[in-house]
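Hi,

Here is the structure I said I would pass on. Have a look at it first, and then read on for what turned up.

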Amino acid sequence: MDQDLVGELELSVGYVLKQVHASLRTAMDEALRPLHLTVPQYACLELLGQNPGLSNSELARRAFVTRQSMNLVLRRLQERELLTRPDQAPHGRALPSMLTRDGQAVLRRASTAARAAEKQVFAPLSPAQQLQLRRDLAACVASAASS
């Protein structure tokens with residue numbers, strides 16, 4: 001029966017991973033605040049910068065938020081004129097989103113701020129350790145996806 005217990009939380013990989021996630025989220029929140037962006041808004045801009053034309057559903061999936069939450073994110077970014085969406089879907093129901101020039105400029109500044117926050121959180125690890133950590137976590141993601 002004791003085999004099923006997690007034991008000391010500090011020894012749980014999942015718990016420590018959640019702590020790292022919370023630290024990174026806090027650092028990114030602080031870094032993005034001067035740009036008046038939230039982390040989900042930044043994620044949306046980054047995704048559209050790399051994949052123009054994604055729909056709300058695809059953006060939500062890739063940013064790990066609900067479609068309803070992504071709809072709010074898109075609306076706020078559209079109000080700031082950082083992206084555009086057609087009034088009607090060109091085909092089907094999906095409304096493809098595109099960054100505006102202002103959106104691209106904000107994305108460049110936000111990417112720099114986000115990378116600085118990430119570097120700060122992972123500074124205790126050498127570049128080789130960071131590479132190994134990325135590989136190890138990617139292996140976990142791949143394993144979970146195939147289960």
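Which residues are linked in a network of salt bridges? They are E58, R61 and R62. Do keep in mind that this is a predicted model.

Let me start with that trio. E58 pairs with R61 in a salt bridge, at 2.9 Å from N to O. Both of these residues sit in helix α3, which covers residues 56–63, and they are 3 residues apart, about one turn of the helix. E58 also meets R62 in a salt bridge, this time at 2.6 Å from N to O. Here the two residues are 4 residues apart in helix α3, so about one helical turn separates E58 from R62. As for how open the arginines are, R61 is exposed, with a relative accessible area of 54%, while R62 is partly exposed, at 36%. The general idea is simple enough: side chains of opposite charge can pair when their charged atoms come close.

There is another pair to look at, between R115 and E46. Their closest N and O atoms are 3.9 Å apart, and that still counts as a salt bridge because the cut-off is 4 Å. Is E46 buried or exposed? E46 is buried, with a relative accessible area of 14%, whereas R115 is partly exposed, at 40%. In total, the model has 5 salt bridges.

Now for the wider picture. You will find 6 helices and 2 strands in the protein. The C-alpha atoms fill a box of roughly 55 × 35 × 25 Å along the principal axes.

A few totals to finish with. The protein has 147 residues, and 27% of them are buried. Of the contacts with a separation of 6 or more, 48% are between residues 24 or more positions apart. The accessible surface is about 10,400 Å², and carbon and sulfur atoms account for 55% of that. On the charge side, there are 18 positive and 14 negative charges, and their mean positions lie 10 Å apart.

Over to you now, and happy browsing!

Conventions
Residues numbered from 1 in each chain as written. Predicted model: local features only at pLDDT ≥ 70, side-chain atom pairs only at ≥ 80, totals over all residues. Heavy atoms only, no water. Salt bridge = Lys/Arg side-chain N within 4 Å of Asp/Glu carboxyl O. Buried < 20%, exposed > 50% of the residue type's maximum accessible area, 1.4 Å probe, protein only. Contact = heavy atoms within 4.5 Å. Areas by Shrake-Rupley, 256 points an atom, 1.4 Å probe, with all protein chains shown as cover. Lys, Arg positive; Asp, Glu negative; His and termini not counted. Charge placed at Lys NZ, Arg CZ, Asp CG, Glu CD.
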